[in-house]
Amino acid sequence: DFLGYNVGADGILGSHVMVVTQALNRTLVNQAKIEGQWKEENLTVKFGGQYLQDHFKNDGYDSFWGNQWQIYSGYGPDSHNFYGGNPLTPAGVHMPGDLFTGTIKIRDIPGWTTVASIPGLPKFSRAAAYDYIGSLGTPTSGTPGDPGFIPGFNWSCCGNGSGGTIYKDTKLGDLVVHDGNNFQQVLEDTYSFYVSAAAQTHLGGMPFNINAGIRYDYTDVESAGLFSPLHDMVIDAADHTAYDMHYDPSQEIRVPSSYQYLLPNLDLVLMVTDELQFRFDASRTLTRPTLSQLTPNTSYGGRTGSLVANSGNPTLQPFLSDNLDVSAEWYYAPNSYVSINPYLKSVTNFVVNGTTSLTFPSAVDSNVVTDPYTCVGPDHFTPIPGCTPSVAVFALTQPKNGPKANVYGIELAWQHMFGDSGFGYQVNGTIVQSDKNYDPNNLTSSAFAVTGLADSFNAVAFYDKEGFEFRVAANWRDTYLDHFGQSQNGTAFGIEPTYVNTAWAIDVSTSYDITDNLNAYFEVNNLLDQAYSTRGRFSDQVVDIVSYGRRFTLGLHYKM
């Protein structure tokens with residue numbers, strides 16, 4: 001909001017946002033476990049119980065609450081921004097040139113030719129910039145001509161910050177406001193009881209190992225938060241694409257929830273010969289939602305023509321996976337084997353972000369809130385006489401339990417040693433599919449897909465003998481849907497997907513045992529200097545490109 005400064009003689013760089021956040025989080029974990037065991041010849045039985053207390057509290061201050069981030073808005077005096085049809089003279093101020101100490105050159109990223117067109121980024125101290133802004137005073141105090149008014153700032157932007165009290169953190173030198181919607185407390189207590197048995201016997205004269213068990217889980221959850229109902233909203237006087245949101249006093253929300261499941265498992269291993277074995281596994285596993293997904297709070301935002309809201313879901317259930325795996329393993333030589341492992345997973349309650357329409361009044365907020373943008377003139381700000389604004393409709397994004405999905409695939413692995421030479425290799429690959437793949441051409445806000453599924457391949461060539469080891473590892477992973485959501489994301493169409501692009505990685509490592517206690521090692525990660533990149537629903541929609549570069553590690557290990 002504060003920046004509008006000259007960058008050398010090359011031009012003007014402006015900014016509209018002053019983002020300041022200060023998180024105050026605490027996690028408390030306590031656990032207790034008791035276990036007993038009974039043995040008789042080839043049978044072992046274990047039984048016990050466990051208690052897990054996982055309590056999470058999140059609070060903080062930021063410049064988003066009450067539109068504090070817009071207090072210094074105006075894009076700088078060189079933007080020629082307009083307010084109420086009249087040019088602001090000026091809107092914002094220039095920052096002192098001595099705050100900027102140079103530029104940061106953007107390094108070339110292999111495979112991406114457009115990076116060279118990005119200019120150098122100005123280098124400055126965030127703390128020094130904020131200290132300078134704080135020294136000017138508060139632009140919301142007074143009107144032009146008053147002693148408290150700061151010339152050059154767009155004082156009409158946000159009134160008194162549209163809610164909340166400006167909080168001055170003298171340690172950070174930042175202006176932030178306590179964000180009631182950011183407060184969250186989740187109390188999760190889990191009680192578990194289990195019994196398992198392991199037996200060794202024979203089937204048709206062949207060794208046969210049996211492992212079986214069952215676990216009972218009961219989880220009690222209470223989610224609490226401070227929710228500020230949206231009272232009304234007006235179009236921002238300085239930025240006609242933004243809203244000033246006005247809220248009613250905060251209200252405490254507490255939502256209790258609980259769930260219980262039986263989780264059985266069975267593992268069978270048949271040793272056909274000393275070299276060949278077959279394995280059968282069947283189990284049910286449980287994955288709980290993260291505590292941050294359980295918040296009951298709802299926050300509002302967006303731009304004109306695209307209102308968005310975000311909320312957690314305190315009644316989320318964990319997702320269950322019924323797993324079936326079979327495998328065959330052939331140990332055809334010392335330290336050499338081939339294995340094949342087809343698998344099937346039936347997943348229910350998979351947790352994904354989904355988007356639905358939130359119309360006022362609603363189950364979330366009982367206020368009647370209208371959208372002033374539905375009744376403005378060509379300047380997108382001045383109300384049309386006699387026009388009645390429509391009820392506000394937000395695209396509400398929140399985590400939810402998705403429908404049932406099946407995941408199936410096959411894993412192949414091969415390890416081979418060339419006799420006693422010390423040379424060998426390992427290769428493995430995974431092919432995975434699902435009946436709930438994402439359709440990028442489907443623009444509905446209720447799209448669902450299982451995330452994180454990708455074919456992959458890994459190969460390692462190595463030498464390991466007489467205290468010397470050398471390894472070269474190549475890893476490949478195909479493009480996959482990583483999650484739903486992007487930075488600056490949220491539209492009437494729902495949240496956009498983020499894909500991780502296909503990537504290769506080659507790592508090299510070597511080590512030598514100098515003595516029985518001292519080992520020297522050297523590693524090179526990302527030898528080919530590959531970048532990590534993500535995209536949207538289509539391949540030409542680049543989201544992030546991250547160039548980690550190569551990493552070199554040289555060190556000594558000493559064992560006592």
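Buried means under 20% relative accessible area, exposed means over 50%, and partly exposed lies in between (1.4 Å probe, protein chains only). I start with this rule since my entries keep returning to it.

**Entry 1: the model.** I am looking at a predicted model, in which local features need pLDDT of at least 70, side-chain atom pairs count only at pLDDT 80 or more, and totals for chains, interfaces and linings use all residues. Residues are numbered from 1 along each chain as its sequence is written, and side-chain values use heavy atoms, with hydrogens and water left out.

**Entry 2: the whole chain.** Helices (H or I, at least four residues) and strands (E, at least two) are DSSP runs, numbered from the N terminus. The chain has 560 residues, and 40% of them count as buried. The chain exposes about 29,700 Å², with carbon and sulfur atoms supplying 57% of it; such areas come from the Shrake-Rupley method with a 1.4 Å probe, and for residues only the protein chains shown count as cover. I then looked up contacts (heavy atoms within 4.5 Å). Among contacts between residues at least 6 apart in sequence, 67% join residues at least 24 apart.

Entry 3: I found an open sheet of four strands in the order 29-30-33-34, with antiparallel pairing. Strand 29 (480-484) and strand 34 (542-546) each have a single partner strand, so one side of each is left without a neighbour in the sheet. The twist averages 25° from one strand to the next. Here axes are lines fitted to C-alpha atoms, for helices over the stretch in contact, and angles run from 0 to 180 degrees between N-to-C directions. Two strands pair if DSSP finds at least two bridges between them. Strand 30 (residues 497-500) and strand 33 (residues 532-535) are joined by two bridges. I noted that V500 has T534 in strand 33 as its bridge partner.

Entry 4: A salt bridge is a side-chain nitrogen of Lys or Arg within 4 Å of a carboxyl oxygen of Asp or Glu. The count by this rule is nine. One of them joins E496 and R537, with the closest N and O atoms 2.9 Å apart. E496 lies in the loop between strand 29 and strand 30, and R537 in the loop between strand 33 and strand 34, so the pair ties together parts that are 41 residues apart in sequence. Is E496 buried or exposed? E496 is buried at 18%, and R537 is buried at 7%.

**Entry 5: two other salt bridges.** D322 pairs with R284, the closest N and O atoms being 2.7 Å apart. D322 is in strand 19 and R284 in strand 16 (residues 276-287), 38 residues apart. D322 is partly exposed at 32%, as is R284 at 29%. I also looked up E35 and K33, whose side chains meet in a salt bridge (4.0 Å, N to O). E35 is partly exposed at 46%, while K33 is exposed at 55%.

**Entry 6: T397.** T397 sits in strand 24 (residues 393-401). T397 is buried, with a relative accessible area of 9%. Leaving aside neighbours within four places in sequence, its contacts include N310, N353 and I495.

**Entry 7: L324.** L324 belongs to strand 19 (residues 319-333) and is partly exposed at 37%.
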